[in-house]
Amino acid sequence: MNSIRHSGIGMTSERTRARMVERLREQGIRDMAVLAAMAQVPRHLFVSEALAIRAYEDTALPIGLGQTISQPYSVARMLEVLRDGREMQRVLEVGSGCGYQAAVLSRIAREVYSVERISTLLGQARRTIRELRLSNIKLKHGDGNAGLAEFAPFDGIVLAAAAAVPPSALLAQLADGGRMVLPRGVGENQFMVLIERQGDSYQEQVLEMVHFVPLLPGVA
Ligand code: SAH
């Protein structure tokens, strides 16, 4: 996974990433597949060169257009809850942003679909994903509120932006036995929520407090 971009700086080293993963473990992340995936994906390539030096800090960082790359802990925690120790086949992410979480997902799911509403960000994500040759990711420009009906059902759906209520199209596109993880709420009052579908019934579990950008309508 070496890259021509940002090459040669100390931050790119596997050791720096290994330390990030060690911190995630200390913070309580237990899923070995998620930890292994995060040890592999070069997060510094998903941020601007100026911020690459901070890429392995456990913090969200700006990626332009008022958006951020999610904090490593949030990514790890959401994917751990989504995966629940199982093999995942087809997963949908809403809010690709720079594409980092999609890249991590590509290591723990067979097929990854990710929708982003801001085309400029999607373009950046595409470049990075292509550079890393992650061929099992399909990035789509669109409003994630509608999901991706043509590729449904998904055995996992993860939202990287906070919704006041889980979008009904996404609930409908969840496979029987599938799991959806989302930040739910408005402003500072957000909780991570896990929704499990069994037939026509949806079981919901409210987990810890989180902080994400809002899920917005339409495309830009
Ligand atoms: N997954 C990213 C985090 C991106 S931040 C990572 O790995 O770092 C959340 C993203 O959701 C932003 O890029 C924002 O533009 C996008 N977003 C917000 N509302 C959306 C919607 N309705 N459909 C698709 N993307 C949306």
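Analyst: Aspartate 84 lies in the loop between α3 and β3 (88-94). In this predicted model, the phi angle of aspartate 84 is near 50°, a positive value in a residue other than glycine.

The side chain of glutamate 80 reaches the backbone nitrogen of aspartate 31 at 2.9 Å. Aspartate 31 is also one of the residues in contact with glutamate 80 once neighbours within four places in sequence are set aside; the others are Gly28, Ile29, Arg30 and Val34.

A positive phi is also found at leucine 65, which is not a glycine; its value is about 55°. Leucine 65 is placed in the loop between β1 (61-64) and β2. Strand β2 leads on to the ligand, as it gives the most to the shell around the ligand, with three residues.

The ligand sits in the largest pocket. Elements that give two or more residues to its shell are β2 (67-69), α4 (100-105) and β4 (109-116). In total, 26 residues surround the ligand, and the closest are Ser70, Gln101, Glu116, Gly144 and Leu216.

Several polar pairs involve backbone atoms of the protein. For serine 70, a polar backbone atom is 2.8 Å from an oxygen atom of the ligand. For glycine 95, a backbone N or O atom lies 2.9 Å from a nitrogen atom of the ligand. For arginine 117, a backbone N or O atom lies 3.3 Å from a nitrogen atom of the ligand. On its own, the ligand has 580 Å² of accessible area, and the protein covers 99% of that.

One further backbone feature belongs to another loop. The peptide bond that joins alanine 152 and proline 153 is cis, with omega about 5°. Proline 153 has its place in the loop between β5 (137-141) and β6 (154-159).

Conventions:
Residues are numbered from 1 along each chain as its sequence is written. This is a predicted model: local features need pLDDT of at least 70, side-chain atom pairs count only at pLDDT 80 or more; totals for chains, interfaces and linings use all residues. Side-chain values use heavy atoms; hydrogens and water are left out. A polar contact is a pair of N or O atoms within 3.5 Å; within protein, one must be able to donate a hydrogen and the other to accept it, and residues adjacent in sequence count only if both atoms are side-chain atoms. Contact means heavy atoms within 4.5 Å. A residue is near a molecule or strand if one of its heavy atoms lies within 4 Å of it. Accessible areas come from the Shrake-Rupley method with a 1.4 Å probe; for residues, only the protein chains shown count as cover. On a 1 Å grid over the protein atoms alone, a cavity is a set of points where a 1.4 Å probe fits but cannot get out, and a pocket is an open set with protein on both sides within 12 Å along at least five of seven lines; lining residues have an atom within 4 Å of a point. A molecule sits in a cavity or pocket if more than half of its atoms lie within 2 Å of its grid points. Helices (H or I, at least four residues) and strands (E, at least two) are DSSP runs, numbered from the N terminus.
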